[in-house]
Amino acid sequence: MSDDPREHLRTASDRIAEAAEAAEGDTADRLTGFADRVQGWADQENGPDHGALANILLKLDDLADEVGGDAASTIQTARSEITEFRKTVGGV
């Protein structure tokens, strides 16, 4: 991984998108939306704050419970990447 902490967000976005492909219906749509949101954060000069990151971590946890199996494991990997990025965010 590069020295750019945003790589964690890019990787997380990729993993969330993978989980969306394995999911169906509203869950797949929600995961796709989260993947897009996380990718947007990676592309912004001023990334997300702790509150936004905490919010998405909670929502991803709920979605992991909904999808189960390999997709849940993929979501947990994404959560780990977001958590690693969060360690680089100032404040709190």
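## A bridge between H2 and H3

In this predicted model, Arg30 and Glu66 form a salt bridge, with their closest N and O atoms 3.5 Å apart. Arg30 belongs to helix H2 (residues 25–43) and Glu66 to helix H3, so the pair ties together parts that are 36 residues apart in sequence. Arg30 is partly exposed, at 30% relative accessibility. Glu66 is also partly exposed, with a relative accessible area of 47%.

The whole structure holds 5 salt bridges. Shared partners link some of these residues: Asp4, Glu7 and Arg10 are joined by salt bridges into one network.

Arg10 and Glu7 meet through their side chains in a salt bridge, at 2.9 Å from N to O. Both residues sit in helix H1 (residues 6–22). They are 3 residues apart, which means a separation of about one helical turn. Arg10 has a relative accessible area of 23% and is partly exposed. Glu7 is partly exposed as well, at 26%.

Arg15 and Glu18 make another salt bridge, with an N to O distance of 2.7 Å. This pair too lies in H1, 3 residues apart, or about one turn of the helix. Arg15 counts as partly exposed at 23% relative accessibility. Glu18 counts as partly exposed at 38%.

## H1 against H2

The axes of H1 and H2 come within 8 Å. They cross at roughly 165°. An angle over 145 degrees counts as roughly antiparallel, so H1 is roughly antiparallel to H2. The crossing is left-handed.

From H1, the contact uses Arg6, Leu9, Arg10, Ala12, Ser13, Ile16, Ala17, Ala19 and Ala20. From H2, it uses Ala28, Leu31, Thr32, Phe34, Ala35, Val38, Gln39, Trp41, Ala42 and Asp43. By class, the residues of this contact divide into 13 nonpolar, 3 polar and 3 charged. Arg10, listed here on the H1 side, is the residue that bridges to Glu7.

## H1 against H4

H1 also packs on H4, at an angle of about 165°. The two axes are 8 Å apart. H1 is therefore roughly antiparallel to H4. H1 and H4 cross with a left-handed sense.

On H1, the contact residues are Arg6, His8, Leu9, Thr11, Ala12, Arg15, Ile16, Glu18, Ala19 and Ala22. On H4, they are Ala71, Thr74, Ile75, Thr77, Ala78, Glu81, Ile82, Glu84 and Phe85. The contact of H1 with H4 has 10 nonpolar, 4 polar and 5 charged residues. Arg15 and Glu18 are among the contributors from H1. These two residues also form a salt bridge with each other.

## H3 against H4

Helix H3 (residues 50–67) packs on helix H4 (residues 69–86) at an angle of about 170°. Their axes lie 8 Å apart. That angle makes H3 roughly antiparallel to H4. H3 passes H4 in a left-handed crossing.

H3 contributes His50, Leu53, Ala54, Ile56, Leu57, Leu60, Asp61, Leu63, Ala64 and Val67 to the contact. H4 contributes Gly69, Ala71, Ala72, Ile75, Gln76, Arg79, Ile82, Thr83, Phe85 and Arg86. The contact residues divide into 13 nonpolar, 4 polar and 3 charged.

## After H4

Lys87 is placed in the segment that follows H4. Lys87 is exposed, with a relative accessible area of 60%. Along the chain, Lys87 and Gln44 are 43 residues apart. Their C-alpha atoms are separated by 18 Å.

Technical notes:
Residues are numbered from 1 along each chain as its sequence is written. This is a predicted model: local features need pLDDT of at least 70, side-chain atom pairs count only at pLDDT 80 or more; totals for chains, interfaces and linings use all residues. Side-chain values use heavy atoms; hydrogens and water are left out. Axes are lines fitted to C-alpha atoms, for helices over the stretch in contact, and angles run from 0 to 180 degrees between N-to-C directions. Helices (H or I, at least four residues) and strands (E, at least two) are DSSP runs, numbered from the N terminus. Angles under 35 degrees count as roughly parallel, over 145 as roughly antiparallel, 65 to 115 as roughly perpendicular and the rest as oblique. A crossing is left-handed if the near helix is turned anticlockwise from the far one by less than a right angle, and right-handed if clockwise. Contact means heavy atoms within 4.5 Å. Ala, Val, Leu, Ile, Met, Phe, Trp, Tyr, Cys and Pro count as nonpolar, Asp, Glu, Lys and Arg as charged, and the others, Gly among them, as polar. A salt bridge is a side-chain nitrogen of Lys or Arg within 4 Å of a carboxyl oxygen of Asp or Glu. Buried means under 20% relative accessible area, exposed over 50%, partly exposed in between (1.4 Å probe, protein chains only).
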